[in-house]
Amino acid sequence: MDAELLPAARQSLWGRLAAANFFLGGAGAGTYVVAAALSGFGLSTLLRVASVLGPGLVLAGFLCVAAEAGRPPRGLFVLRKIGTSWMSRELWAGGAFVLAAATDLVRPHRGWRIAGTLAALLLVLAQGAILSRAKGVAAWNVSLMPSLFLVSALASGAGVLALALPLLGVAGVGELPRVMAGLVVLSALVWAGYLAWPGDFAFRRATASFMVPSMVVGVFVAGHVIPLALLGLAIEARVSLWSALAGVLVLLGQLQAKAWLILRAGELRPITIPSLRLRRSREQAWREG
Amino acid sequence: MRWGMVIDLVRCVGCQTCTIACKQENGLPAGVLWRFVADSEVGEYPDVRRLFLPMQCMHCVEPPCVPVCPTGASQQREDGIVWVEYDRCVGCGYCAMACPYRARHLIKDASWHFPGQPTPAEQATAQPARRGVMTKCTFCVDRVDRGIARELRPGVDPEATPMCAVACIAGAIIFGDLDDAESPACKLIKERGAVPLMPELGTNPSVYYVTE
């Protein structure tokens, strides 16, 4: 192993507001995608709700991240490098998503829904790609990150819908609990896959902080296992209250997981140098002849 | 032409003169160091070694900080120097996350050493354009460019050489053209087997370290 000259250190530039953007952006885009898929891109109350909630959450996320930037008034400069920067692509995709969803509310058309869904998908993939291109942070610099963000966003989106529909007095969609259960299972698998990812030593050390009771219980038990049980009840008894409760727990689990990813696992790589020879002690030199 | 640096860790005594010279030359505010010397201890007893590691921007040939920049503020010149155009930077911090060498420093707010107001020296060096944006080592690009304009040779003539290399009391920092096989920097890499930090990341740094 290369000699480690400077130990890993937690990054401090991206704080809670950045984590909030990754969570809200994913939840907002996921809400729209799940609603559009369940509606078959047709006009429905479910999609109307998602057309308001989804862009709202995404915009809230952008506001959070803008507040964390050093020069927020220059925010539109971020659109300049769509050819190379995933952060640029995130903003373009987010803007296109908000525009398509808003236009569909005013002038409903299937084309807007398809465009909105594609932009929402691109938005969450871009968020994952932003982290996967961050070479300075070992826990983020893995190719699984876009898939992780995609699945997390869809599970969060289903959670938002399950929670919002009863609150807004909208009749539940029969398929939502089943779809949500599938997404929760997929999310558990992807998060577990991420933690078992065969990364380098720096990655393994940065992600080891997940293995504490509060994280395992919060993310996996409360954020996945219990929601699955509640969704089972909701499917059996056709009671939307169980779905709503599952939605809350899924959202809290995904929020905790993403906050951990940014704030705790976000460690700057240790600085290493190859082929650094150490002076042998006289005792060792004597032992080795 | 590709500007680069070779740092002889055998010579470095960890005096931090380069750190202060850089800070003074570039008028950096309190708490911001574009370069610093880390005091490292490597190995396990009884095979240990104390090592002073000067850290700065590596001016990578494949800088991961440049393509990720969403505004185009992070740029690379033809001579390899990586720099930030302050007027374009939004201060998002993405380049700092992409840099594996911790070489980027966001100047969040104006902060003075003494509370309340800046000292005369701080006032003299304060650069409002740097507030809220990402900053980094530039290989003292102004000195290099001015020197070349005066037909001086960077790495040879002090007026055309980065301040850290000029100030180093041990002569441990050698600046030069890495594309010129006859430059002292290039020769040192070849003769002493200098290595870059973390070559496995594929960034191809332009700063090399002599370790033995």
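## Helices α6 and α8 of chain A

In this predicted model, helix α6 (residues 176-195) of chain A and helix α8 (residues 213-237) of chain A have axes that come within 9 Å and cross at roughly 160°. Axes here are lines fitted to C-alpha atoms, for helices over the stretch in contact, and angles run from 0 to 180 degrees between N-to-C directions. Helices are DSSP runs of H or I with at least four residues, strands are runs of E with at least two, and both are numbered from the N terminus. The crossing angle makes α6(A) roughly antiparallel to α8(A) (angles over 145 degrees count as roughly antiparallel, under 35 as roughly parallel, 65 to 115 as roughly perpendicular and the rest as oblique).

α6(A) passes α8(A) in a left-handed crossing, a term used if the near helix is turned anticlockwise from the far one by less than a right angle. Residues making the contact (heavy atoms within 4.5 Å) include A:M180, A:V184, A:A188 and A:W191 of α6(A), and from α8(A) they include A:F220, A:L228 and A:I235. By class, the residues of this contact divide into 13 nonpolar, 3 polar and 1 charged. Ala, Val, Leu, Ile, Met, Phe, Trp, Tyr, Cys and Pro count as nonpolar, Asp, Glu, Lys and Arg as charged, and the others, Gly among them, as polar.

## From α8 on to α9

α8(A) also packs with helix α9 (residues 240-264) of chain A, at an angle of about 160° and with the axes 8 Å apart. That makes α8(A) roughly antiparallel to α9(A). The crossing of α8(A) and α9(A) is left-handed, and their contact has 16 nonpolar, 8 polar and no charged residues.

## Helix α3 of chain A and its neighbours

The buried residues of α3(A) include A:W86, A:R89, A:E90, A:F97 and A:D104 (buried means under 20% relative accessible area, exposed over 50%, partly exposed in between, with a 1.4 Å probe and protein chains only). The buried residues of α3(A) pack against α1 (16-39), α2 (45-68) and α4 (110-132) of chain A, together with α3 (94-98) of chain B.

Between α1 and α2 of chain A, the loop holds A:G40, which is partly exposed at 37% relative accessibility. A:G40 and A:I114 are 74 residues apart in sequence, yet 9.8 Å apart in space, C-alpha to C-alpha.

## Residues to look at in chain B

Most residues other than glycine have a negative phi. B:E151, not a glycine, has a positive phi of about 65°; B:E151 sits in the loop between α5 (141-149) and α6 (163-167) of chain B and is exposed, at 72% relative accessible area. B:N204, also not a glycine, has a positive phi of about 55°. B:N204 belongs to the loop between α7 (184-192) and β9 (207-210) of chain B and is partly exposed at 36%.

After β9 of chain B comes the segment with B:T211, a buried residue with a relative accessible area of 6%. Leaving aside residues up to four places away in sequence, B:T211 touches A:I273, A:S275, A:L276, B:L9, B:V10 and B:R49.

## How to read the numbers

Residues are numbered from 1 along each chain as its sequence is written, chains are lettered from A and ligands numbered from 1 in the order in which they are written, and side-chain values use heavy atoms, leaving out hydrogens and water. As this is a predicted model, local features need pLDDT of at least 70 and side-chain atom pairs count only at pLDDT 80 or more, while totals for chains, interfaces and linings use all residues.
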